[in-house]
Amino acid sequence: MTIDQFNFAGKKAIVRVDFNVPIDENGNVTDDTRIRGALPTLKKIIADGGSVIMMSHMGKPKGKVNPKLSLKQIVPAVSKALGVVVKFAPDCANASNEAAELKEGEALLLENLRFYPEEEGKPVGVDKDAPEYDEAKKVMKASQKDFAKKLASYADAYVMDAFGTAHRKHASTAVIDEFFDKDNRMLGYLMEKEVKAVDAILDNIKRPFTAIMGGSKVSTKIGIIENLLGKVDNLILCGGMTYTFAKAQGGEIGNSIVELDKLDVALNVMKKAKENGVNLILGSDCIAADGFSNDAKTQVVRSNAIPEGWQGLDAGPETRKAFAEAIEGAKTILWNGPAGVFEFDNFVGGSKAIAESIAKATANGAFSLIGGGDSVACINKFGMADKVSYISTGGGALLEAIEGKVLPGVAAIKGE
């Protein structure tokens with residue numbers, strides 16, 4: 001069943017949204033991108049004459065009530081975006097009355113799902129290596145099912161629209177579906193778009209295909225890097241991981257960030273790229289700084305010849321040119337992770353150059369997918385969100401999908 005085929009008239013729909021939005025110290029939403037992303041699904045339900053129950057997590061309260069992570073704070077922002085006064089249920093596991101009272105066209109937001117450990121389904125207070133862990137896990141799985149059943153009891157239909165959590169087998173993403181038949185569970189519009197965007201990258205590749213992987217550590221990206229080596233024509237590796245690759249090849253990297261236990265992994269990536277005929281592009285020069293601050297002194301140096309006491313914080317001019325060549329000639333582009341410490345305005349140049357090249361390629365007909373929190377933050381910071389094909393709301397979920405893993409939140413709806 002697709003959301004377009006379903007008529008919500010007279011029905012209550014419980015929707016897993018991703019309202020894990022940033023808030024300031026006063027509880028004000030500082031970026032409502034994720035709230036806006038859920039609107040097409042929520043508005044469709046209301047327009048049909050249904051009522052909507054929204055459920056989400058915020059932060060990592062680890063199964064305990066934390067007022068600083070209460071979703072009550074975002075009710076005004078959600079109400080404003082949706083154009084409906086949103087009601088609030090202060091206890092997600094005891095919201096039967098609030099749900100029952102919902103009338104056609106009304107909306108209800110449940111309190112943070114992760115205030116209950118059953119949402120994540122992990123035993124609390126038991127060490128993974130402890131002999132009693134397996135039994136505790138079994139008990140928790142049963143409790144997780146009961147929790148999901150309770151959430152399901154509030155509604156007639158279930159809509160999964162939180163791509164950012166689709167890689168987690170949580171009660172609200174991949175257990176709750178068991179309590180709805182296949183004609184009453186579906187992906188929301190945002191999820192449908194995300195799945196199509198991933199398919200466009202993996203199954204409908206127009207070549208050349210250039211992937212840009214940034215970030216500080218090779219270790220967090222190795223799975224996706226290895227998977228991409230069998231798919232891409234050009235692979236750009238940038239950001240902090242540059243210096244692990246430089247060190248692995250015998251370079252001097254000063255005080256730059258490095259994973260000394262991953263030097264062999266870096267060399268293996270280089271070997272595999274060569275074997276697969278992939279054009280692997282690493283930074284040849286960088287903007288080095290004498291300290292980790294926006295106001296540090298800087299100089300352009302070779303990425304493998306950084307003086308002692310200095311550290312690479314951004315891609316250099318030569319590197320940016322090499323990146324631009326691989327990006328601007330591409331027909332399919334994936335970007336995950338910045339080229340430097342983009343939070344500092346003086347070290348944003350490399351990431352901005354990547355964004356500009358992607359925008360140029362997109363204008364020339366390339367399909368560009370931007371995913372992962374920092375890359376999305378970059379695109380938004382540069383005001384270029386409308387110059388790329390698609391911006392994914394899911395960091396970990398997007399990476400796991402591209403890595404070739406089955407996403408529980410998608411598989412559950414499809415009955416896989």
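Contact, as the word is used here, means that heavy atoms lie within 4.5 Å. The model is predicted, and local features are described at pLDDT of at least 70, side-chain atom pairs count only at pLDDT 80 or more, and totals for chains, interfaces and linings use all residues. Residues are numbered from 1 along each chain as its sequence is written, and side-chain values use heavy atoms, with hydrogens and water left out. Helices (H or I, at least four residues) and strands (E, at least two) are DSSP runs numbered from the N terminus. A residue is called buried under 20% relative accessible area, exposed over 50%, and partly exposed in between, with a 1.4 Å probe and protein chains only.

Helix H10 (residues 263–275) has 13 residues, and from its first C-alpha to its last it reaches 19 Å, close to the 18 Å expected at 1.5 Å a residue; the expected span is 1.5 Å times one less than the number of residues. Ala266, Val269 and Ala273 are buried in H10. Because these residues cover an arc of only 55° around the axis, they lie on the same side of H10, the arc being that of the directions from the helix axis to the C-beta atoms. An α-helix has 3.6 residues a turn, so residues three or four places apart point the same way. The buried residues of H10 pack against helix H8 (222–228), strand S8 (234–237), helix H9 (241–248) and strand S10, whereas the face turned away from the buried side carries the exposed residues Asp264, Lys274 and Glu275. Just after H10, Gly277 takes a positive phi of about 70°.

A similar description can be given for helix H5. The 20 residues of H5 (residues 133–152) should span 28 Å at 1.5 Å a residue, and the end C-alpha atoms are 28 Å apart, which agrees. The buried residues of H5 are Tyr133, Ala136, Met140, Gln144, Phe147, Ala148, Leu151 and Ala152. They are placed on the same side of H5, because they cover an arc of only 145° around the axis, and on the other side Lys138 and Asp146 are exposed. The partners against which the buried residues of H5 pack are strand S1 (12–16), strand S2 (51–55), strand S4 (107–110), helix H4 (117–120) and helix H6 (171–175).

Glu119 is found in helix H4 and counts as buried because its relative accessibility is 0%. Apart from neighbours within four places in sequence, Glu119 is in contact with residues including Arg16, Leu113, Gln144, Phe147 and Ser172. Leu113 has its place in the loop between S4 and H4, and at 0% relative accessibility Leu113 likewise counts as buried. Not counting residues up to four places away in sequence, Leu113 touches, among others, Met55, Cys92, Glu119, Phe147 and Leu151.

Strand pairing was examined next, two strands being paired if DSSP finds at least two bridges between them. An open sheet of six strands has the order S10-S8-S7-S15-S16-S17, with parallel pairing. Strand S10 (279–282) and strand S17 (390–391) stand at the edges with a single partner strand each, so one side of each is left without a neighbour in the sheet. Within this sheet, strand S15 (residues 332–336) and strand S16 (residues 367–370) run parallel and are joined by four bridges, and Leu334 stands opposite Leu369 in S16. Helix H12 (residues 349–363) packs on the sheet, touching strand S7 (209–213), S15 and S16, and its direction makes about 155° with that of S15; the axes are lines fitted to C-alpha atoms, for helices over the stretch in contact, and angles run from 0 to 180 degrees between N-to-C directions.

A nonpolar core is a set of buried Ala, Val, Leu, Ile, Met, Phe, Trp, Tyr and Cys residues joined through side-chain atoms within 4.5 Å. Of the 64 residues in the largest core, Ile14, Leu110, Leu228 and Leu235 touch the most other members, and the largest share, seven residues, comes from helix H7 (residues 189–202). Apart from this core lies another, of 33 residues, among them Val15, Ala38, Leu42 and Leu71.

Finally, a cis peptide bond, with omega of about 5°, joins Arg207 and Pro208, and Pro208 is found in the loop between H7 and S7.
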